[in-house]
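Below is a short note for a colleague who has not seen this structure before. Please read it with the model open.

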Amino acid sequence: MTDDVTNAEVEIETSENQLTIRRTFDAPRERVFEAWTDPKQVDQWWGPDGFTTTTDEMEVRPGGVWRFVMTGFDGDEYPNRIEYDEVEEPERLAYTHGSPDDPEQFRVVVTFDDRGDSETDLTMEMCFSSAEELDEAVEFGADDGAKQTLGRLADHLAVGSSV
């Protein structure tokens with residue numbers, strides 16, 4: 001099953017066990033990569049609308065771990081754990097995303113393509129172990145959550161926040 005959704009800012013595609021989200025940012029690739037890998041900046045934009053993120057540890061290198069807690073608008077906390085497999089600054093990140101109890105929920109590859117003129121095309125590919133797991137993630141709101149998260153990143157980049 002393939003489903004494509006496109007609006008002026010975000011393109012979402014699903015197929016088999018993969019969710020792919022694309023967005024162009026009005027910022028240089030190095031700036032977008034920095035916002036994605038600097039814990040002080042990530043805490044300002046990561047997560048869907050209404051969520052906050054608190055980073056406990058972030059070591060962006062192969063084998064490094066990012067531990068963080070996302071807190072929903074209702075106060076519920078969601079511990080997350082990311083382990084980096086590949087880091088190619090400023091072009092690519094590959095990691096396994098999970099939780100402390102289930103550290104290997106899905107794999108993610110994020111590419112940062114330089115478009116020139118201070119624009120960056122970002123592609124985030126989330127690969128689940130089965131079509132059923134992808135369906136569960138989409139039912140949970142992974143597609144909307146990712147779209148909102150990238151919207152928050154665009155807002156962060158627009159104000160030029162650098163901590």
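1. The structure is a predicted model. Every value in this note should be read with that in mind.

2. Salt bridges overall. The count comes to 11 salt bridges.

3. Arg22 and Glu11. Arg22 forms a salt bridge with Glu11, and their closest N and O atoms are 3.2 Å apart. Arg22 lies in strand S3 (residues 18-25) and Glu11 in strand S2 (residues 10-15), so this pair ties together parts that are 11 residues apart in sequence. With a relative accessibility of 29%, Arg22 counts as partly exposed. Glu11 is also partly exposed, at 28%.

4. Glu57 and Arg67. A salt bridge joins the side chains of Glu57 and Arg67, with an N to O distance of 2.4 Å. Glu57 belongs to strand S4 (residues 52-58) and Arg67 to strand S5 (residues 65-71), so to speak of the pair is to speak of a link between distant parts of the chain, 10 residues apart. Glu57 has a relative accessible area of 32% and is partly exposed. Arg67, at 34%, is partly exposed as well.

5. Glu119 forms a salt bridge with Arg115, the closest N and O atoms lying 3.6 Å apart. Glu119 is partly exposed at 25% relative accessibility, and Arg115 is partly exposed at 46%.

6. Strands S5 and S6. How do S5 and S6 run, and how many bridges join them? They run antiparallel, and seven bridges join S5 to strand S6 (residues 77-88). Val69 has Pro79 in S6 as its bridge partner. The two strands, S5 and S6, form a hairpin with five residues between them. In the turn, Gly75 has a positive phi of about 90 degrees.

7. Strands S6 and S7. S6 pairs with strand S7 (residues 92-98) in the antiparallel sense, over seven bridges. Here too there is a hairpin, and S6 and S7 have three residues between them. Glu88 stands opposite Arg92 in S7. As background, side chains in a regular strand alternate between the two faces of the sheet.

8. A negative patch. Which residues form the negative surface patch? They are Asp101, Asp102, Glu104, Glu132, Glu133, Asp135, Glu136 and Glu139. One of them, Asp101, is found in the loop between S7 and strand S8 (106-116). Asp101 counts as exposed, with 77% relative accessibility.

9. Ile21. Is Ile21 buried or exposed? At 0% relative accessibility, Ile21 counts as buried, because the cut-off for buried is under 20% relative accessible area. Ile21 is placed in strand S3, the strand that also holds Arg22. The C-alpha atoms of Ile21 and His156 are separated by 18 Å, and these two residues are 135 residues apart along the chain.

How values were computed:
Residues are numbered from 1 along each chain as its sequence is written. This is a predicted model: local features need pLDDT of at least 70, side-chain atom pairs count only at pLDDT 80 or more; totals for chains, interfaces and linings use all residues. Side-chain values use heavy atoms; hydrogens and water are left out. A salt bridge is a side-chain nitrogen of Lys or Arg within 4 Å of a carboxyl oxygen of Asp or Glu. Helices (H or I, at least four residues) and strands (E, at least two) are DSSP runs, numbered from the N terminus. Buried means under 20% relative accessible area, exposed over 50%, partly exposed in between (1.4 Å probe, protein chains only). Two strands pair if DSSP finds at least two bridges between them. Patches are made of residues with over 30% relative accessible area and no salt bridge: like charges are joined within 9 Å, nonpolar side chains (Val, Leu, Ile, Met, Phe, Trp, Tyr) within 5 Å. Accessible areas come from the Shrake-Rupley method with a 1.4 Å probe; for residues, only the protein chains shown count as cover. Lys and Arg count as positive and Asp and Glu as negative; His and the chain ends are not counted. The place of a charge is taken as NZ of Lys, CZ of Arg, CG of Asp or CD of Glu.
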